[in-house]
Amino acid sequence: MDKERKLIIAGNWKMNKTVAESLDLANGLVRELKDVTEVDIAVCPPFTALSAVSEAILDSNIRLGAQNMSEHGYGAHTGETAAGMLKEFSTRYVILGHSERRQYQRESDELVAAKAKAAHETGLKPIVCVGEQLEDRESDRTEEVVGSQIRGSLAGLTAGQMEGTVVAYEPVWAIGTGKTATSAQAQEVHAFIRNLLGDIFDEDTAKRVRIQYGGSVKPDNARELMSQPDVDGALVGGASLDVRNFSEIILNSI
Ligand code: PGA
């Protein structure tokens, strides 16, 4: 598949996998995906497995991501993880503002923006998630909701930082439900996001930003989704927990 922007496919392992299971998965992926150069590949294990997975993928084409971080630097923030701590494991990416965190940890756009800024200042590339709830879509408010998340969650980034940020469009009704957005529905929102980034930043920056789709991506729907002009990759939850499924998503997308 020939695209202007290099695809980036990341696995969000969420709160799954012991260290031993993480190593099995990481080693399996290293084996299966060793010849892939066409796609940027990342895995985002839980914090407890970052160290082990980091070593397992050290000499491979797979990069490491975390699932969250603090907006603060080092200091008195019990239970939090600073960006600098993630860098110790050669972490390259960090997922921010996932809908599960927005919903269950009450993360606001403002907080996500502060985290994104802190990530860039430490040399991590944020994967900033946005997406509408089912009732937003049914009441025709998708663009209003996603637009406001984009404006709020990316506020304060420079154009250069924006270019190094990945946006993940994840309709909440499609996450873990087996209901994927159709490729046309995904493309429509991705194009809307890119246009908006052009307004907020500038056209050139908007053209370079990679926008992932997330929500029940599977080996059998990956190719069709990735073939859309403004879909530049995937953030994969459930199907990233299995060597064969995640590898096939990547191989089917090339
Ligand atoms: P899913 O999750 O692939 O299991 O739908 C995607 C995500 O939450 O990032």
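Student: In this chain, what share of the contacts with a separation of 6 or more comes from residues 24 or more positions apart?

Tutor: The model is a predicted one, and in it residues 24 or more positions apart account for 74% of the contacts with a separation of 6 or more.

Student: How many helices and strands are there in the chain, and how compact is the chain for a globular protein of that length?

Tutor: The chain holds twelve helices and eight strands. Its radius of gyration is 17 Å, close to the 18 Å that the globule rule gives for 254 residues, so the chain is as compact as a globular protein of that length. The C-alpha trace spans about 45 × 45 × 35 Å along its principal axes, and 54% of the 254 residues count as buried.

Student: Turning to a single helix, which residues of α2 are buried, and why do they lie on the same side?

Tutor: The general idea comes from helix geometry: an α-helix has 3.6 residues a turn, so residues three or four places apart point the same way. In helix α2, which covers residues 47-56, the buried residues are A49, L50, V53 and S54. They cover an arc of only 145° around the axis, which puts them on the same side of α2.

Student: Which exposed residues does the face turned away from the buried side of α2 carry, and what do the buried residues of α2 pack against?

Tutor: The face turned away carries the exposed residues T48 and E55, whereas the buried residues of α2 pack against two helices, α1 (19-32) and α3 (83-87), and against the strands β2 (39-44) and β3 (62-66).

Key. Residues are numbered from 1 along each chain as its sequence is written. This is a predicted model: local features need pLDDT of at least 70, side-chain atom pairs count only at pLDDT 80 or more; totals for chains, interfaces and linings use all residues. Side-chain values use heavy atoms; hydrogens and water are left out. Helices (H or I, at least four residues) and strands (E, at least two) are DSSP runs, numbered from the N terminus. The radius of gyration is taken over C-alpha atoms; the globule rule is 2.2 Å times the number of residues to the power 0.38. Buried means under 20% relative accessible area, exposed over 50%, partly exposed in between (1.4 Å probe, protein chains only). Contact means heavy atoms within 4.5 Å. The arc is that of the directions from the helix axis to the C-beta atoms.
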